[in-house]
Amino acid sequence: MSRNKSSKDLDSLTKEDVVQAVVVADNFSDAFVPMTNDTPSCLLPLVNNCLLDHTLEWLSNSGVQEAFLFCSRHVEKVKEHIKNSKWNSDTNPLSLNIIVSETCLSLGDAMRDLDAKGLIRGDFILVMGDSVANVNLLPILEKHRKLQKTDKGLAMTVVYKYAGPSHSGRAPQDDVLVAVDKKTSKILFHQNRAASSDPKKVHIPMEIILERPSVDIYNDMLDTHISICSVSVLPLFSDNFDFQTRYDFIKGILMNEEILASSLAAYCISDREYAASVDSWHMYKNVTQNMIHRWTFPLVPDMLDIEGEKAYQYLRGNVYKQHPVTLSRSSIVEDDSVIGGGSKVGEDSTIQRSVIGRNCQIGKGVKIEDSFIWDGCIVEDNCSIQRSVVGNNCTVGRGAVLSQGCILGQGVYCPPGYQCNQRLQSTAGDEDFEKIGESAYIVQLDDDDSDSEDGGTKQIWNELFSNENFVDDVDGDSDVSSEMSDDSARSVSPVLDDTKLFFNEVVDSLKRGFEDKLHCDNLILEINSSRYAYNVSMREVNLLVVKAILSLPKSETDSYLSQLWQLLTYFMPILKNYIKNPVAQSDCLQALKEVGLAEKAFLSGVPKLLNVLYDQDILSEEVILKWFSDLKAEPETKDLCRVADPFIKWLKEAEEESESESD
């Protein structure tokens, strides 16, 4: 999305209109405790830049001219941040006004306070201060105003995005079902299944369907938490004190449409646009991954213009480094990782799919995987941190192990050798929390409001990677489902169906691309789009793309191998695009193994295929030899080992000759 596009859309609005937005800084929940004990949720870092900056950058790029930042907690910290940022500059195109009301305890209270102040002059955009998006808002605002001409009671346009039920972007609390009048875009039914007494059943009034010629019912829509509001929204909140949340407002309007004389409309953004609200740890993890994978472009680390900050360097494998970063020679930074400026990583330490903040000191022999280390942290030697969050200025003692959703609040000192999978904060606070060391107290979770026997609230709080633990009960037998192992649970998960759909789409794209002689760059874009739509991992993409290419020739014909060489030559740019590092090479060889076991006609071509991929620098000697060594340990791969053995022998001989020549 560019400013030029926003300016063009802005010209379509009347000159006297000012595009206004209301940004609610507080999320009015304890989802991020203890991180939010003394810091507002909107100032929490996401990929080393605070959430509020992401939100304001998006609004500014979208053509919003005036924004009201509504604050109710930790107000002075928000003011200080704005004062020291580019949003306080005279050259900033976004006019930002801070509104303070420390008595507000909900979104409804904030809306009623805004109504009393009379600051909003017309239609406005309502978002939370934890929004991350690249959506162009002006076309949605324009559509809202067109719908108002035919529906005078239109109060709000709710913005959705398509996302299947198994999509990781759907947090459990955002699982909604929506019915929409196809002709008018009017919302007829909206049910939050997580808030329903029986989430497995949906009761849609029959008159909704019978009174209209065409109704669309969606179970694959994600609520982006973006709303386009008419001027009537604020008085509706003021007149109905039971409207405490946005969901209360939507539900109340639909239930009392005739009494309130108001209605709602739906707008679904395109697949190329991105929008999400970071209102839980599940979404924090998900949006971080999406930003690293550049789905949020141009809101990506190397493009963001943050006052006083140096830009990140974007490297191969979705690795981002901010100058200066000090890495020891034996340290390893793998794909999908971010390291902030001033940080140092010691010898034999490994960072995998993680974000390291600024000015962090990582010791020797440290393993950090799927975790988030915020600014100013010290991780001493031989620590292991997996699926955890370490807040600002924490110290993790030598040999400590953090795992499975462990969260350390700001300033915590985790004792050496301590094994933790809980939440810790640096002070006892008003509660009598269990002390495990200086500046380390265990945060007790309040599960009183949970309806489930195992504590649903506790599950959502503790599981940073909650999408792996919310698997639908396929056969309706909850007892059987709860006893299933991790592997069997994954076998019934709809994510596997998405993987199969992704593979089928890749096969279709490649087949059509080869027949129509499409450029491989276009096919790569198609594959990436399918990947985002079905939410498959990068390793799955590597494996399935190679597998799709090898599966294209027709095995029943004598020309199987000649077809394969033609396809391989044509799709070589695609292979080079995806197979870039040792991990991807292992995925490529795994695909070769799977096709070799399933397709006998392919076996005789294995030596030549390995040779071609080796000559093209797609596969390295070390990875091939390790793969073959592992292959020999598997009885079912005897035929594959037999046909690959001549090439392996040649490879070893070539290596020995090279070594002797160098001597």
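Helices (H or I, at least four residues) and strands (E, at least two) are taken here as DSSP runs, numbered from the N terminus. The structure is a predicted model, in which local features need pLDDT of at least 70 and side-chain atom pairs count only at pLDDT 80 or more, whereas totals for chains, interfaces and linings use all residues. Residues are numbered from 1 along each chain as its sequence is written, and side-chain values use heavy atoms, with hydrogens and water left out.

Proline 298 lies in the loop that runs between α10 (281–292) and β15 (312–315). With a relative accessible area of 13%, proline 298 is buried, a term that stands for under 20% relative accessible area, while exposed stands for over 50% and partly exposed for values in between (1.4 Å probe, protein chains only). The C-alpha atom of proline 298 is 9.4 Å from that of alanine 133, although 165 residues separate the two along the chain.

The structure holds 22 salt bridges, each defined as a side-chain nitrogen of Lys or Arg within 4 Å of a carboxyl oxygen of Asp or Glu. In one of them, the side chains of arginine 145 and aspartate 123 meet at 3.3 Å, N to O. This pair links distant parts of the chain, 22 residues apart, with arginine 145 in helix α5 (residues 137–150) and aspartate 123 in the loop between α4 (107–117) and β6 (124–128). Arginine 145 is buried at a relative accessible area of 16%, and aspartate 123 is likewise buried, at 12%.

A salt bridge also joins the side chains of lysine 186 and glutamate 257 (2.5 Å, N to O). Lysine 186 lies in the loop between β9 (176–181) and β10 (187–192) and glutamate 257 in helix α9 (residues 257–260), so this pair ties together parts that are 71 residues apart in sequence. Lysine 186 is buried, with a relative accessible area of 18%, whereas glutamate 257 is partly exposed, at 27%.

Within helix α22 (residues 621–631), aspartate 630 and lysine 626 are separated by about one helical turn because they are 4 residues apart. These two residues form a salt bridge in which the closest N and O atoms are 3.2 Å apart; aspartate 630 is partly exposed at 40% relative accessibility, and lysine 626 is exposed at 56%. Elsewhere, Arg353, Lys367, Glu369 and Asp370 are linked in a network of salt bridges.

The structure holds 4 cavities of 30 Å³ or more. On a 1 Å grid over the protein atoms alone, a cavity is a set of points where a 1.4 Å probe fits but cannot get out, and lining residues have an atom within 4 Å of a point; grid points are joined across faces, edges and corners, and a volume is the space filled by probe spheres set on the points. The largest cavity contains about 60 Å³ of space, and among its 10 lining residues Asn49, Leu304, Glu309, Lys310 and Tyr312 are the closest to its centre. The lining of the largest cavity comprises 5 nonpolar, 2 polar and 3 charged residues, where Ala, Val, Leu, Ile, Met, Phe, Trp, Tyr, Cys and Pro count as nonpolar, Asp, Glu, Lys and Arg as charged, and the others, Gly among them, as polar. The second largest cavity has a volume of about 50 Å³, and its lining has 2 nonpolar, 6 polar and 2 charged residues, including Asp26, Thr36, Arg73 and His74.

Notes
On a 1 Å grid over the protein atoms alone, a cavity is a set of points where a 1.4 Å probe fits but cannot get out, and a pocket is an open set with protein on both sides within 12 Å along at least five of seven lines; lining residues have an atom within 4 Å of a point.
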